[in-house]
Amino acid sequence: SAAQASPAKRQGLAGALLVPRRHLGSFRERDPDSVREWATDTEIKEAERWILKFKPQHLPIDRMQTNFSRSGGAGGQNVNKVNTKAEVRFSLSEARKWMPRYTVKRLGALYDGKINKRGELVTSSERHRTQEKNLKDCYSKIYEMILEASETPKDASDEKKARIRSLQRKAEVTRKKRKTKHSEKKTFRKERKTDRAFL
């Protein structure tokens, strides 16, 4: 384990994240108003320009690893008999090839609890009854994480801040719609089962 690894090995694991392990999740990396302590103006501007153009369809899913497993949720039909739970992970060190360093570093700080020992950011979903929908939910979560990690200091232009907030709201609305639709389907199935019971 990382706790039993040699100092050199632990340093290697931390280096893979581009963030010293002792600083992961620290306030200065999480808070966009404190980023000037570790990020240059060039890095901040690079992140600002990049996130304004970054859309959900721009996620490089070919650079991400996908796994499916059995859902641990409530049973019903074949939900626990097939591999419907989706898990998506990607290396933060490799993410520097398609994401600004600023965003990568803040991802490591904001979501250090979701980073495995290999330096991969891991997200999962088992809310839906199909692999496809759970996989889409994972990608939506990753997109929202990237939006949050790309927030910059408050002295950014109002236009840029408004644009980022708009993207965050749209992403959240999309997820809520999916969640509501999923809930309505579950309610409909329960009502049908109840109706059959009285036939």
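R89 and E120 form a salt bridge, with their closest N and O atoms 3.2 Å apart. A salt bridge here is a side-chain nitrogen of Lys or Arg within 4 Å of a carboxyl oxygen of Asp or Glu. The pair ties together distant parts of the chain, since R89 sits in strand 2 and E120 in strand 3 (residues 120-125), 31 residues apart. Helices (H or I, at least four residues) and strands (E, at least two) are DSSP runs, numbered from the N terminus.

A quick word on where this comes from: the model is predicted, local features need pLDDT of at least 70, side-chain atom pairs count only at pLDDT 80 or more, and totals for chains, interfaces and linings use all residues. Residues are numbered from 1 along each chain as its sequence is written, and side-chain values use heavy atoms, with hydrogens and water left out.

**The salt-bridge network**

Back to that pair: E87, R89, R118 and E120 are linked in a network of salt bridges. Across the whole structure, a search turns up eight salt bridges. The ones in this network look like this:

| Salt bridge | Closest N to O |
|---|---|
| E87 and R89 | 3.7 Å |
| R89 and E120 | 3.2 Å |

E87 is partly exposed at 29%, while R118 is exposed at 59%.

**The overall fold**

The protein has seven helices and three strands, and from the N terminus they run α-α-α-β-β-α-α-β-α-α. Of the 199 residues, 39% are buried. Take the contacts (heavy atoms within 4.5 Å) between residues at least 6 apart in sequence: 70% of them join residues at least 24 apart.

Helix 5 is largely enclosed by the rest of the structure, because eight of its ten residues are buried. Those are Y102, T103, V104, K105, R106, L107, G108 and A109.

**The nonpolar cores**

A nonpolar core is a set of buried Ala, Val, Leu, Ile, Met, Phe, Trp, Tyr and Cys residues joined through side-chain atoms within 4.5 Å. The largest one holds 29 residues, and F90, W98, M99, L107 and I146 touch the most other members. Two or more residues come from each of helix 3 (41-53), strand 2 (85-91), helix 4 (92-95), helix 5 (101-110), helix 6 (131-149) and helix 7 (158-197). Helix 6 gives the most, with nine residues.

What does W98 contact, leaving aside its neighbours within four places in sequence? The list is W50, F54, P60, R63, M64, F90 and I146.

On a 1 Å grid over the protein atoms alone, a pocket is an open set of points where a 1.4 Å probe fits, with protein on both sides within 12 Å along at least five of seven lines; lining residues have an atom within 4 Å of a point. Of its 17 lining residues, P56, S140, Y143, T174 and R178 are the closest to the centre. Helix 6 and helix 7 are the elements that give two or more residues to this lining, and helix 7 gives the most, with seven.

Note on methods:
Buried means under 20% relative accessible area, exposed over 50%, partly exposed in between (1.4 Å probe, protein chains only).
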